[in-house]
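Thanks for coming, everyone. I'll take a few minutes to walk through one structure. Have a look at it first.

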Amino acid sequence: MENLKSPLNILILIGLICQGMTWDTYYLLFVYCLLWLLLCSLNLNRKFFGDLSEFFLILTFLIFFYLFIGDNLFEKCMGLGNALAVLQLLRMTYRLDYRRKIFTLAIALTQIAIGAQVFLNYMFAAVLILTIILVPKILFQINYREASVDNINPIKFKFLKHKIEYLIIFSSAILFFLLFPRINFESNTRFYSNFGNIQKKPVYFTKPELKTSNESASEEDSKNNVILFQVYADSLMYFKSFSMDKFDGDLWSISYYGYLCVDKYTKNENLMDYIYRKVNVRYSNFNSKFLPVDGKVEYIEGNFFDNPFLTRIGNIIIHENVPRKNKNYEYWIRRKKNIPALSDRTFKRLTKTGGISEKLKKWLLNLTKNTKDKYEKAQAVCSYLNSNFKYELGAPKLKEKNPVENFIFKEKRGHCGRFASALAVLLRALDIPAKVAVGYMAKEKNNFGNYYNIRIKDSHAWTEAYFRDRGWINMDATPADEAALDFQKIKEPLYKRLYDYIEYIWYSKIVNLTYGDQLIFIKDIGRLIKMAGIFINRIFLYILLILGILSFSGLVFFGIKKNKFTLHWRKRKKQNIKHFYDRLLRILEKYSIKKPDNLTPYEFLDYLYKNNVNNYDDINFITDIFCRIKYGMKRINENEMDRIENIIESIGKFYSANGAISDEKSNKKFE
Amino acid sequence: MQIKVKPTKAGLFLMFLLLLFYVFSIMSQTGLMYLFLGIVIGVILTDFIYGIFGARALTFYGLNKLITTEGKPFDTEIKVVNSSRKGVCCVTLKSDLGILCSVDYIKGKNIKHITPKAVFYAMGIYRLDKLSIETLNPFGLFTTYRKLRYQGIIKVYPELYPAASPPASGFEPMLGGHYKGYHSTLFGEDFSGIRPYTKGDPVKFIHWKASSRGQGLYVKEFREEFSGKITFFIQLKDNINERNKNVLNSAVRALGSLAFSALDLGHSIEIADFSFSNYFKASPFFGDTEILEYLTALKSDKHEPESKGKPVERPSFSRKASQAFILSKLDKLAVEEVKNKMTEQKKKSVYIPEMYKNDQLIKEVLNITPNCFFFGRSKLWKI
């Protein structure tokens, strides 16, 4: 039983569990736990292998696991942990010395660290708490046992007795976690990818296309509630994956320019000035090479890609979407909109309609005849489509020849892609450069955590139009629909939002706390301090005044209650009395009766009595009053004070006339 | 209060592990690794802080004078007071002489008495300088050193062994003396008989049992008791034997053993070195500690210049006392010194270090007196 309770053995078990969890099945975990239990209950103290044999055995295991387990470096590292698990189990068969105990602790910690890569859910919180409790206990025990001569009653490092130590450890863990700078190597994805397969040049992968005549959206997708992304943002609407700029009359696709790199992001600017966005990819099968973003991205980084680049038409492409758990990326966008100028060549390219009929042109002219500029024209077309057409999933197919004309004049219904395509074509017909954007419409905001949930059903397509004075603008011709385009934010039940928030916090702020989060955290703290400073500065005088009033009233209240204010008066009285007593002593001293330092007032009184001093009763009265006030903390009344004053005076006069000693003994030498 | 903190091997290992984890966490899938790293840093930080607190909280008492005997555990204890509320573990008290003692754990606001574990194999008075404490409190990742301002001494008394006392002379009557005379007295322990009461005998010596027979009063008589006097001369010269042992130490040990055996027999003793600078006189009822302290304080001549050039006065030795010479280095000079110091008509004995077994000067010494002995580290035997 002692073995089962031993903190080191428990930590070894946690390490073994963490290691066992790295496998897809639970068999290994089960075997590890069973062996641990067996070895603990057997309580063996026999070394089966010598040091050298043990070393070679573990080396063999390490080589085996490295060579045959896992495809990438990450998986191979996980595999190496299993060799260490064998070593841990071997070491449970004999008594360990100090060095081996420390090493065993280190291995267990390494295995738990490996577990941190696997346990991404709340289970790891339990592992962390256990680690916080166990590690100090183990270190203390190892250290104490090394130093102590006898282990009859070993002292234990109990949690309740060492709360401050645990608080320091816990706070340090939190502080380190929040403030220690996250550094990501540029090639961090190599660790998870198959050795060197990352291609540096963009490849033409499956091109996204949108066929206007076809109905691509399915009803199944429109009801799919699976969360794809969680986006940290104050406000978010259009979350664009990519734009399509090439239109051949029916099919929208991405042109050559859509893959041409114009910017490789480098982290060299002050990111604090930009708007920060963080995206948690919750959908594990997300393998797109287009990264969904909103706005003009200044810098972007993530944990599943390297070297992202911006294409000429504003898409962000990654070289490889590394398959791994817990994907996330963050980006920074400008606060002010940038208005780029389009070259004539681009202008021409983005206004190609793929050939539209005269009828459509006339209709378009008629629709926009009362407008002043291109923006108003675009607005007119957009609002016309919005108000006169109907959103419908599974609408009939359009004619492949002039599908836009067919849609405008005949069908007048369809899904978002059809509206986006039609608007883009109509805008292009009006000499307004336009593209079709595909992405997501953010509708569901969780107010607890200031983030948006983007689900599969939020997939959307819209139009991007270019105006010389306004730049690129999102225009959405799709009519509002309860099922698809409910712009009012969806309100879920409170408990669901709360649960969702907890999950978000765990995955976004704990599992995936990034450099951007840290910047925000520091910024928030700075802002709070600044605000607090301003606030205190403004109301400083008031605070001072209130504090003054409060402290004064408190003093008065408690002072009156406990007679504190009489203290000064009493002190004064005491001083007076002392003064009287001193005066009395001075008078006596004048007549050669000096009070020895070692005598108390009453002893001195006895001394005077023995020597038959005149006015003994008066001296007795003064001494009595003096002691009563000095040691008994009693009060003195006015009458007593007057009486003392009179007595002192009379003693002085009497002594000056008759001397201090009575006549009978005046001849005796005063002792 | 000077405090220094150094990481131990375990601490360095944990820091290395921390670095490894950090590198790993950079490439990690999750930020959980940072939390995990924080725990390890917290443990290191706690150890650092509490190590300093622990070292500051300890106060040592009883270091001013520690007493022990050669090769034996200490007779005195050190009191350690922990003034903090937290317990302190793994404390070692060190001096320039080495580790004095170690404490495994002292509870908060508690006192512990410890007997120093160090064993000294050479007698003498050692200064306790550069005292410091080392703690590995609480996790053993840092060693915290704190210099102590105390200064003290360790007195290592010579280890004594049973030895036959040298022959004494100048016997004088003394109550409790081990030598019995032929006369009887009224005082003593050895009852010899009774005699009729004579005028002037104290009443308390009346033997009431014998007097009750009705034949007059009788008083008790005892055998007269005598004790002798011995003067020890020790040659204080450093000498190292073939086993690298200090012969002077052995000589002092032999002197102590002989002196105590003489005192046990009720003799009075006088001890002096050849230069008379260390004179000591003890009666049979003298305290052991004072003799031991005297022996401990004996140092070789080369460290003690003759009172800065002034000649040392010869103490007034008892004329009737027998003489015992303990030599630490046998050479012609030593033999001459012995000859000079010897007076006739007295019992003499000479004690020579074991290492001179085969020395030719032995014969010369034997000519002076046949009462010659060899002494080793823990025994004496006659030549």
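Let's start with a question: which residues lie nearest the centre of the largest pocket? Keep in mind that this is a predicted model. The residues nearest the centre are A:Gly295, A:Lys296, A:Lys337, A:Glu464 and A:Trp472. In total, 35 residues line the pocket. Its volume is about 1000 Å³.

What does the lining look like by class? It has 17 nonpolar, seven polar and 11 charged residues. Several elements of chain A each supply at least two lining residues. They are strand S3 (238-244), strand S9 (309-311), helix H10 (344-349), strand S17 (459-467) and strand S18 (471-475). S18(A) gives the most, with three residues.

Now to helix packing. Two packed helices are described by the angle between their axes and the distance between the axes. Take helix H4 (residues 51-68) and helix H5 (residues 73-91), both of chain A. They pack at an angle of about 155°, and their axes are 8 Å apart. H4(A) and H5(A) are therefore roughly antiparallel. The crossing is right-handed. On the H4(A) side, the contact residues include A:Leu57, A:Ile58, A:Phe61 and A:Phe65. On the H5(A) side, they include A:Leu80, A:Ala83, A:Val86 and A:Leu90. By class, this contact has 13 nonpolar, two polar and three charged residues.

H5(A) also meets helix H2 (residues 7-20) of chain A. Here the axes come within 10 Å and cross at roughly 150°. Is the crossing of H2(A) and H5(A) left-handed or right-handed? It is left-handed. H2(A) brings A:Ile12, A:Leu16 and A:Gln19 to the contact. H5(A) brings A:Met78, A:Gly81, A:Asn82, A:Ala85, A:Gln88 and A:Leu89. By class, that makes five nonpolar, four polar and no charged residues. A:Asn82 of H5(A) also takes part in the contact with H4(A).

Last, two backbone details. Most residues other than glycine have a negative phi, and most peptide bonds are trans. Which way does A:Asp431 go, positive or negative phi? Its phi is positive, about 65°, although A:Asp431 is not a glycine. A:Asp431 is in the loop between helix H14 (416-429) and strand S14 (434-441) of chain A.

The other detail is in chain B. The peptide bond from B:Asn137 to B:Pro138 is cis, with omega near -15°. B:Pro138 is in a loop too, between strand S9 (132-135) and strand S10 (142-147) of chain B.

That's my tour. Over to you.

Definitions and conventions: Residues numbered from 1 in each chain as written. Chains lettered and ligands numbered in written order. Predicted model: local features only at pLDDT ≥ 70, side-chain atom pairs only at ≥ 80, totals over all residues. Heavy atoms only, no water. Axes fitted to C-alpha atoms, helices over the stretch in contact; angles between N-to-C directions. Helix = DSSP H or I, 4+ residues; strand = E, 2+ residues; numbered from the N terminus. Parallel < 35°, antiparallel > 145°, perpendicular 65-115°, else oblique. Left-handed = near helix turned anticlockwise from the far one by under 90°. Contact = heavy atoms within 4.5 Å. Nonpolar A, V, L, I, M, F, W, Y, C, P; charged D, E, K, R; others polar. 1 Å grid on protein atoms, 1.4 Å probe; cavity = no way out; pocket = protein on both sides within 12 Å on 5 of 7 lines; lining within 4 Å. Points joined across faces, edges and corners; volume = space filled by probe spheres on them.
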